[in-house]
Amino acid sequence: MVVFDLDPGDGADILKSCEVAFLVKDLLDRLNLKSFVKVSGSKGLHLHVPLNTKISYEASQPFAKSIAQLLEREHADLIVSEMPKHKRKGKVLVDWSQNSEHKSTVAVYSLRANANGPFVAMPVSWAQLRKALKKGDARALFFEPDAALREVKKNGDLFAPVPTLKQRLPQPFLELMSERTNLRHARRADPLETYRRKRDFTKTAEPPPSMPKSSHPGSRKLFVIQKHAASRLHYDFRLEMDGTLKSWAVPKGPPYDLNERRLAMATEDHPMEYAKFEGLIPRGEYGGGTVMVWDIGTYELMDGNYWQGKLHVFLNGKKLKGEWILVKSHNRDEKGNAWFFIKGLKSVTTWSEFLTASSTCTSFEIVSNNAFSKSLSRFKLIFKNELLSFIYTNNFADNLVQAQTGSLTN
Ligand SMILES: [Mn+2]
């Protein structure tokens, strides 16, 4: 089953939800998916798409989200696909996030407590909905218990086909399911559970948790540093790993001098969408304060891994370029969250930087041809007793051999 909760924001009413329900229905009709609608008993509508075939949230949530975003693009004046309440003003939220393990949607024929009396979460026919919309009659879409019973007597159970009707999502979404199910089983737990628990997405503009995804194919992964003026100013350092952002809060920001170390407290994984998040988290909410992207780029893992508590990375950002090391602290007082963010060897990335540096080089050694990445090799050079390391792309390899027999022979 896929569910869309059509939730009107301030200044919008159930009739606006009706308008949106028809837009969602039309789109689903074009995909050969039959949909059923009920009034929620409150001011929204729920649109149900029965599947009764093999499905998981890995497929149904991205499907629902795609539909919501597509409609938002086509009807920006009427529809939003994001949760923050201020964005909903006068519009209807097509809430796709209901398609998730931890969410619940009221069942048909349930009573809802409401200031104006108990109303029933009642199935309605598309014809009934069209009529109410045409007449502008919102009251026709609220059913008290007696009225609900009369409706059932008259129309029968409009939701009768829902538990058995077999339908399938479009193929690309089903493929998503097998890929991501495998990925998730490998990781067992939902990595964004803590992220979700700490936030109220009706209040913060931060992105809601989504399915793990990767930013690029191949070995280049995303890194970001966000400057976060919370109750205490700090820098959030995040590295893409397994489709989410591993995160550390660094009170003093990244270190710049060789072997300089800064405390970095590991925090909860963040969704990939967070990398581009900038804005104000309301006061009183978790992490209240402004967030801005301080640096963003890609990184390569040169050595180590997260679970072993040691990561050696090459960052290629706008501000930060070069090697940094993250090491987990073994101090038991710190509950296992404390890491150190350490500036690693100096690095150069261009041929001209290399030539400048190599004129004072006293020794030279190839450290590794990185097994993770065909484009990355690492060289260690000693300059006036100072260690430098070099990141090379394969294009530089021939030139390097020349350099080795030239200025590096002293
Ligand atoms: Mn933070």
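This is a predicted model: local features need pLDDT of at least 70, side-chain atom pairs count only at pLDDT 80 or more; totals for chains, interfaces and linings use all residues.
View 1. Helix α1 covers residues 14-30, 17 residues in total. From first C-alpha to last, α1 reaches 24 Å, close to the 24 Å expected at 1.5 Å a residue. Several α1 residues are buried, including Ile14, Cys18, Val20, Ala21 and Val24. Lys16 and Lys25 are buried too. Asn32 follows the helix, with a positive phi near 60°.

**View 2. The largest nonpolar core.** This core holds 40 residues. Which of them touch the most other members? They are Leu6, Ala21, Val24, Leu45 and Val94. Helix α2 (residues 57-74) gives the most to this core: six residues. In soluble globular proteins, nonpolar side chains tend to be buried together.

**View 3. Contacts of Leu6.** Neighbours within four places in sequence are left aside here. Leu6 is then in contact with Ser17, Val20 and Ala21, among others. Its contacts also include Gly44, Leu45, Leu47, Val92 and Val94.

View 4. Strand β14 (residues 289-305) pairs with strand β15 (residues 310-316) in the antiparallel sense, over seven bridges. Asp303 stands opposite His312 in β15. Four residues separate β14 and β15 in a hairpin. In that turn, Gly309 has a positive phi of about 80°. β15 also pairs with strand β16 (residues 321-328), again antiparallel and over seven bridges. Here Val313 stands opposite Trp324 in β16. β15 and β16 form a hairpin as well, with four residues between them.

Note on methods. Residues are numbered from 1 along each chain as its sequence is written. Two strands pair if DSSP finds at least two bridges between them. Helices (H or I, at least four residues) and strands (E, at least two) are DSSP runs, numbered from the N terminus. The expected span of a helix is 1.5 Å times one less than its number of residues. A residue is buried if 20 or more other C-beta atoms lie within 10 Å of its own, exposed if 12 or fewer, and partly exposed in between; C-beta atoms are placed from the backbone. A nonpolar core is a set of buried Ala, Val, Leu, Ile, Met, Phe, Trp, Tyr and Cys residues joined through C-beta atoms within 7 Å. Two residues are in contact if their C-beta atoms, placed from the backbone, lie within 7 Å.
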